[in-house]
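Please read them with the structure open.

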Amino acid sequence: MMLYPPMKDLLANVHSRYELVNVVACRAREIAFEAEENGTPLEDKPVSIAIREVAAGKSAE
């Protein structure tokens, strides 16, 4: 089983695995809340969307 995006790519945008988990979890909750508030269905799970955002460098704060 391959992990995509690779862990090394995710860790390039955050300092540790612990921080990665926190950033992804927080962003996933935001995505789920926004979708529920707007009544828009999500094509993917919020965690998957958040992981892709971190890999792209969008929400690694």
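1. In this predicted model, H2 passes H3 in a right-handed crossing, where a crossing is called left-handed if the near helix is turned anticlockwise from the far one by less than a right angle, and right-handed if clockwise. The axes of H2 and H3 come within 8 Å and cross at roughly 125°, which makes H2 oblique to H3. Axes are lines fitted to C-alpha atoms, for helices over the stretch in contact, with angles from 0 to 180 degrees between N-to-C directions; angles under 35 degrees count as roughly parallel, over 145 as roughly antiparallel, 65 to 115 as roughly perpendicular and the rest as oblique.

2. On basis and numbering, residues are counted from 1 along each chain as its sequence is written, and side-chain values use heavy atoms, with hydrogens and water left out. Because the model is predicted, local features need pLDDT of at least 70 and side-chain atom pairs count only at pLDDT 80 or more, while totals for chains, interfaces and linings use all residues.

3. The chain has 3 helices and 0 strands, helices (H or I, at least four residues) and strands (E, at least two) being DSSP runs numbered from the N terminus. Helix H2 covers residues 17–38, and its end C-alpha atoms are 31 Å apart, which agrees with the 32 Å that its 22 residues should span at 1.5 Å a residue, the expected span being 1.5 Å times one less than the number of residues. Just after H2, Gly39 takes a positive phi of about 70°.

4. Which residues of H2 are buried? They are Leu20, Val23, Val24, Arg27, Ala28, Ile31 and Ala35, where buried means under 20% relative accessible area, exposed over 50% and partly exposed in between (1.4 Å probe, protein chains only). Seen down the axis of H2, its buried residues fall within an arc of 130°, so they line one face of the helix; the arc is that of the directions from the helix axis to the C-beta atoms. The face turned away from that buried side carries the exposed residues Tyr18, Val21, Arg29, Phe33, Glu36 and Glu37.

5. The buried residues of H2 pack against helix H1 (7–11) and helix H3 (46–55). Residues of H2 including Arg27 and Ala32 meet residues of H3 including Pro46 and Glu53, a contact meaning heavy atoms within 4.5 Å. Glu53 counts as buried because its relative accessibility is 17%, and the C-alpha atoms of Glu53 and Arg27, 26 residues apart along the chain, are separated by 8.9 Å.
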